[in-house]
Amino acid sequence: MSHTDPSPRPVLDVWCELQCPDCRTALGDLRALRERFQDALDIRLRHFPLERHRHAHAAAQAAEEAIAQGRGWPYVEAVLERTEELGTRGEPLLVEVARELGLDAEEMDTALVDGRHILIVDADQAEGKAIGVTGTPTYVIGGERLDGGKSQEGLRERIEEIAARLVAERP
């Protein structure tokens with residue numbers, strides 16, 4: 001008898017970049033999806049830092065450290081609310097947000113210095129490129145890729161439609 005979940009929750013992968021204004025725009029949609037589906041849908045943050053945003057890679061690592069400290073989504077949302085400031089201030093802002101949220105800011109700082117989360121970020125980026133992600137936010141659910149970088153019009157409705165179907169199909 002295996003102990004694995006016989007029917008894993010449907011997964012919504014959100015390819016995101018924390019210095020990206022379009023990802024900040026998508027925050028409301030993400031909040032709504034999390035509220036509507038609660039634990040029925042596994043919403044996973046996937047990293048796709050873009051070259052042109054020089055603090056995006058550090059921000060992705062910081063998000064991983066926040067996940068390790070148990071506050072992934074609150075941290076991601078707090079950093080996204082301040083994308084412009086991240087652009088000008090970089091890593092000091094990442095540490096400051098950690099402190100504001102009651103995370104271990106020293107550990108956050110150390111994680112950015114020692115690069116412990118670089119492999120996760122780079123693996124996400126490589127996987128994103130392999131499946132055709134070119135910009136952020138991009139959503140992947142039920143084998144369908146939805147690109148929010150061009151327009152987010154109608155995307156949430158489409159994601160909700162697919163998620164509701166997948167949730168309903170679970171035995």
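This text walks through the structure above, from the whole chain to a few of its parts.

The model is a predicted one. The protein contains nine helices and four strands. Along the sequence these elements come in the order β-α-α-β-α-α-α-α-α-α-β-β-α. The radius of gyration is 16 Å, close to the 16 Å that the globule rule gives for 171 residues, so the protein is as compact as a globular protein of that length. Taken along the principal axes, the box filled by the C-alpha atoms is roughly 45 × 45 × 30 Å.

Two further values describe how the chain is packed. Of the 171 residues, 49% are buried. Among contacts with a separation of 6 or more, 69% come from residues 24 or more positions apart. As for the surface, the protein exposes about 8,700 Å², and carbon and sulfur atoms supply 50% of that area.

Is Arg46 buried or exposed? Buried means under 20% relative accessible area, and Arg46 has 9% relative accessibility, so it counts as buried. Which residues does Arg46 touch, leaving aside its neighbours within four places in sequence? They are Asp13, Val14, Trp15, Cys16, Asp124 and Glu127. With Asp13 there is also a polar contact of 3.2 Å between the two side chains.

Next come strands S3 and S4. S3 covers residues 138-141 and S4 covers residues 144-147, and the two pair in the antiparallel sense over four bridges. In this pairing, Thr138 lies opposite Asp147 in S4. The two strands form a hairpin, with two residues between them. Gly142 sits in the turn and has a positive phi of about 55°.

The last part is helix H9, residues 155-169. How far apart should the ends of H9 be at 1.5 Å a residue? The expected span is 1.5 Å times one less than the number of residues, so the 15 residues of H9 should span 21 Å. The end C-alpha atoms of H9 are 21 Å apart, which agrees with that expectation.

Several residues of H9 are buried: Leu155, Ile159, Glu160, Ile162, Ala163 and Leu166. What covers these buried residues? The cover includes strand S1 (11-16) and helix H2 (27-37). Strands S3 and S4, the two that form the hairpin, are also included in the cover of H9.

Definitions and conventions: Residues are numbered from 1 along each chain as its sequence is written. This is a predicted model: local features need pLDDT of at least 70, side-chain atom pairs count only at pLDDT 80 or more; totals for chains, interfaces and linings use all residues. Side-chain values use heavy atoms; hydrogens and water are left out. Two strands pair if DSSP finds at least two bridges between them. Buried means under 20% relative accessible area, exposed over 50%, partly exposed in between (1.4 Å probe, protein chains only). Contact means heavy atoms within 4.5 Å. The radius of gyration is taken over C-alpha atoms; the globule rule is 2.2 Å times the number of residues to the power 0.38. Accessible areas come from the Shrake-Rupley method with a 1.4 Å probe; for residues, only the protein chains shown count as cover. A polar contact is a pair of N or O atoms within 3.5 Å; within protein, one must be able to donate a hydrogen and the other to accept it, and residues adjacent in sequence count only if both atoms are side-chain atoms.
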